[in-house]
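Here is a note for a colleague who is opening this structure for the first time. Please read the points below with the model in view.

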Amino acid sequence: MKLREEFTCPLELVHDMIKGKWKPIILWRLRLGATSLAKLEKDIDGITQKMLLEHLKELMDYGFVEKKTFEGYPLHVEYSLTEKQGYELLEALKIMQHIGIEYLKSQGKEAMLIEKGVVPE
């Protein structure tokens with residue numbers, strides 16, 4: 001994805017970098033640590049491998065995700081958040097997660113959060 005040359009503010013720029021259905025979810029999953037493509041695909045319901053690879057490439061291009069390739073056979077690759085930008089963005093996602101949890105609780109949907117394992121019983 002090509003970033004615009006002109007933007008209203010830096011927030012608009014970051015929004016463009018992580019916008020879409022899957023990028024925040026990929027980043028949120030990577031908070032658990034480095035993982036393989038197959039595990040990411042398994043853990044993220046509904047994402048196709050093509051879409052996952054496309055978004056991972058963009059997140060790597062922006063410096064949020066890194067890819068480590070291990071020597072040997074079979075080929076093993078792991079994706080993880082980058083030390084600086086990846087974990088910094090994770091802090092913003094934690095705030096967004098908290099806002100989402102509080103909103104759902106206020107709407108009487110705490111049972112759904114418990115069912116999904118987001119909040120303990």
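1. The largest pocket has a lining of 22 residues, and those nearest its centre are Ile25, Trp28, Gln97, Lys116 and Val118. Two or more lining residues come from each of helix 2 (23-30), helix 5 (85-106) and helix 6 (110-115), and helix 5 gives the most, with six residues. A pocket here is an open set of points on a 1 Å grid over the protein atoms alone, where a 1.4 Å probe fits and protein lies on both sides within 12 Å along at least five of seven lines; lining residues have an atom within 4 Å of a point.

2. The space in the largest pocket is about 830 Å³, a volume being the space filled by probe spheres set on the points, which are joined across faces, edges and corners. Its lining divides into 13 nonpolar, three polar and six charged residues, where Ala, Val, Leu, Ile, Met, Phe, Trp, Tyr, Cys and Pro count as nonpolar, Asp, Glu, Lys and Arg as charged, and the others, Gly among them, as polar.

3. On the basis of the note: this is a predicted model, in which local features need pLDDT of at least 70 and side-chain atom pairs count only at pLDDT 80 or more, while totals for chains, interfaces and linings use all residues. Residues are numbered from 1 along each chain as its sequence is written, and side-chain values use heavy atoms, with hydrogens and water left out.

4. The chain holds six helices and two strands, in the order α-α-α-α-β-β-α-α from the N terminus on; helices (H or I, at least four residues) and strands (E, at least two) are DSSP runs, numbered from the N terminus. Of the 121 residues in the chain, 31% are buried, that is, under 20% relative accessible area, with exposed meaning over 50% and partly exposed in between (1.4 Å probe, protein chains only).

5. Valine 118, one of the residues nearest the centre of the largest pocket, is placed in the segment after helix 6. Its relative accessible area is 35%, so valine 118 is partly exposed. Leaving aside residues up to four places away in sequence, valine 118 touches Gln97, Ile101 and Leu113, a contact being heavy atoms within 4.5 Å.

6. Which residues have the most contacts inside the largest nonpolar core? They are Ile26, Leu27, Leu56, Phe64, Val65 and Tyr79, in a core of 22 residues; such a core is a set of buried Ala, Val, Leu, Ile, Met, Phe, Trp, Tyr and Cys residues joined through side-chain atoms within 4.5 Å. Phenylalanine 64 touches, among others, Met17, Leu27, Leu59 and Leu89.

7. In helix 2, the buried residues are Lys23, Ile26, Leu27, Arg29 and Leu30. They lie on the same side of helix 2 because they cover an arc of only 160° around the axis, the arc being that of the directions from the helix axis to the C-beta atoms. These buried residues of helix 2 pack against helix 1, helix 3, helix 4, strand 1 (65-70), strand 2 and helix 5.

8. Two backbone details deserve a look. Tyrosine 73 and proline 74 are joined by a cis peptide bond, with omega about 0°, and proline 74 is found in the loop between strand 1 and strand 2.
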